[in-house]
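Here is a note on the model you asked me to look over.

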Amino acid sequence: MANRDFELLFASTAVSRLGSEISYIAFPLAAIVVLDASPEQVGLLNAATTVAFLLIGLPAGVWVDRARRRPVLLSADLARFLLLAWVPLAWWWEALTMTQLFVVAFLVGVGRVFSDVAAQSYLPTVVGRERLVAGNARLAGTEAVSRIIGRGAGGALVQALTAPVAIAATAVTYLWSFLCLCLIRRPEPAPALPDGPRHLWREIGEGLRYVVGQPALRAVAASGALVNLASTIIVVIVPLLIVRELRLPEGLVGVFFAVGGVGAVLGTMAARRLSLRFGYGRTLAVAATAVAPTYLLLPFADRGVLLWAAAVAYLLMMAKASIDNVLLVSFRQTITPDRMLGRMNATMRFVLSGALPIGSVLAGFVGEYVSLRAALWCGTVGMAVAWVPIFFSPLRTMVALPAGPAEPAPVAAAPR
């Protein structure tokens, strides 16, 4: 993977992921500690960061397919830097409110939509399709390491310097990511635009039909949506459980999630080796059935040993999620033609990330009106059964990645 442009993309991804993981801890704690938010408000705030995937996720894929991907990434990084820089300034001026946090969270989420879709569509240009698994494994490993460092640092920064200062650190990472992307030299080919007039909804429909028309992609979408919905419930509830119910220091929130980051590192390191030894499908199925029962330790989290038992369960959960991420993203990129990459990724993001705000609202509602433990049970049971769509799909018997893209089937002409 000796590729200068990939190294710059890697550096950009690494530093922006680090910032994202810091804000992952800092944003809810800013609401909980600085603004005394309720569980329902924390859930809605988390939903605000991801609801953009439901609102503009599908059109974003069309727009990304119509443009070069690097300028999209640059614009998203610069916008997020400016938005996040506002939060510590407003706090310094004693003007920070929940409304402002909601607005910033939503607009940063819009930037994330375009960045995520463009980044997954840009990687084949930088490394080539033959190196996708290696490239995705390294990027996923970076994300996993960032979870350890970023979430641990996020909790420490919040405890030592307050949540708004931690959010300021996140803003700086997006500026650094922007500068790294500016240095990439590899020319990006102009997008292949269709002849004649372009129709937004027709092109969105092509992306939807491409995903829905392939059983393996349908299973990836269904499983991923359930994982994201369930894991978001856990993410919303754990800070409230540790700070409010167990009355432990805020820094332990970062430590807990950093333990999950260790699992993510182990998963990304193991994904390629396991798939080469046992086959893609068997790796996906066996890993799930082996670790899923341990997830049920999470709702029993309490002071002392039970908290760390729950953290180990979360470690295994993140390890399995990382194995899936490396293998399934590589599968999606391999079988999709270049001209469809943006729309395929946007369709998948619409389904997968569209589950995030639903999980956030559900977590806030159950946590507020039933109990935090009940919400945690919802999340852990969802994670424990999320592997079922993959098990009953063609992916279960897949030994290696397909040789190349699968062109969408032609649409039959209407009878005259």
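**Notes on the model**

1. Setting aside residues up to four places away in sequence, Tyr314 touches Tyr24, Arg151, Ile234, Val235, Phe256, Phe257, Gly260 and Leu298; contact here means heavy atoms within 4.5 Å. Tyr314 is also one of three residues, with Leu101 and Phe256, that touch the most other members of the largest nonpolar core, which has 65 residues. Helix H9 gives the most to this core, with 11 residues. Apart from it lies another core, of 25 residues, including Ala219, Val220, Ile323 and Met398. A nonpolar core is a set of buried Ala, Val, Leu, Ile, Met, Phe, Trp, Tyr and Cys residues joined through side-chain atoms within 4.5 Å. Buried means under 20% relative accessible area, exposed over 50%, and partly exposed in between (1.4 Å probe, protein chains only).

2. On the basis of the note: this is a predicted model, in which local features need pLDDT of at least 70 and side-chain atom pairs count only at pLDDT 80 or more, while totals for chains, interfaces and linings use all residues. Residues are numbered from 1 along each chain as its sequence is written, and side-chain values use heavy atoms, with hydrogens and water left out.

3. The confidence figures come next. pLDDT is the predictor's confidence in each residue, from 0 to 100. The chain averages 80, and 88% of the residues score at least 70. Where pLDDT is low, the predicted coordinates should not be read in detail.

4. As to the overall make-up, the chain has 15 helices and zero strands. Helices (H or I, at least four residues) and strands (E, at least two) are DSSP runs, numbered from the N terminus. Of the 416 residues, 54% count as buried. Among contacts between residues at least 6 apart in sequence, 88% join residues at least 24 apart. The accessible surface comes to about 17500 Å², and 67% of this belongs to carbon and sulfur atoms. Accessible areas come from the Shrake-Rupley method with a 1.4 Å probe; for residues, only the protein chains shown count as cover.

5. How many salt bridges are there? The count is four, a salt bridge being a side-chain nitrogen of Lys or Arg within 4 Å of a carboxyl oxygen of Asp or Glu. One joins Asp36 and Arg244 (3.7 Å, N to O). Asp36 lies in the loop between H1 and H2 and Arg244 in helix H9, so this pair ties together parts 208 residues apart in sequence. Another joins Glu245 and Arg373 (3.0 Å, N to O). Glu245 is in helix H9 and Arg373 in helix H14, 128 residues apart. The side chains of Lys320 and Asp324 also meet in a salt bridge (2.5 Å, N to O). Both of these residues lie in helix H12, four residues apart, about one turn of the helix, and both are buried.

6. Two backbone angles deserve a check. Most residues other than glycine have a negative phi. Asp36 has a positive phi of about 55° although it is not a glycine, and phi of Arg247, also not a glycine, is near 55°. Asp36 counts as exposed at 59% relative accessibility. Arg247 lies in the loop between H9 and H10 and is exposed, at 66%.

7. Leu246 is found in that loop, between helix H9 (215–245) and helix H10 (251–278). Is Leu246 buried or exposed? At 4% relative accessibility, Leu246 counts as buried. Not counting residues up to four places away in sequence, Leu246 touches Leu241, Asp302, Arg303 and Arg373.

8. Ser275, in helix H10, is buried at 2% relative accessibility. Leaving aside neighbours within four places in sequence, Ser275 is in contact with Tyr280, Thr283, Leu327 and Val399.
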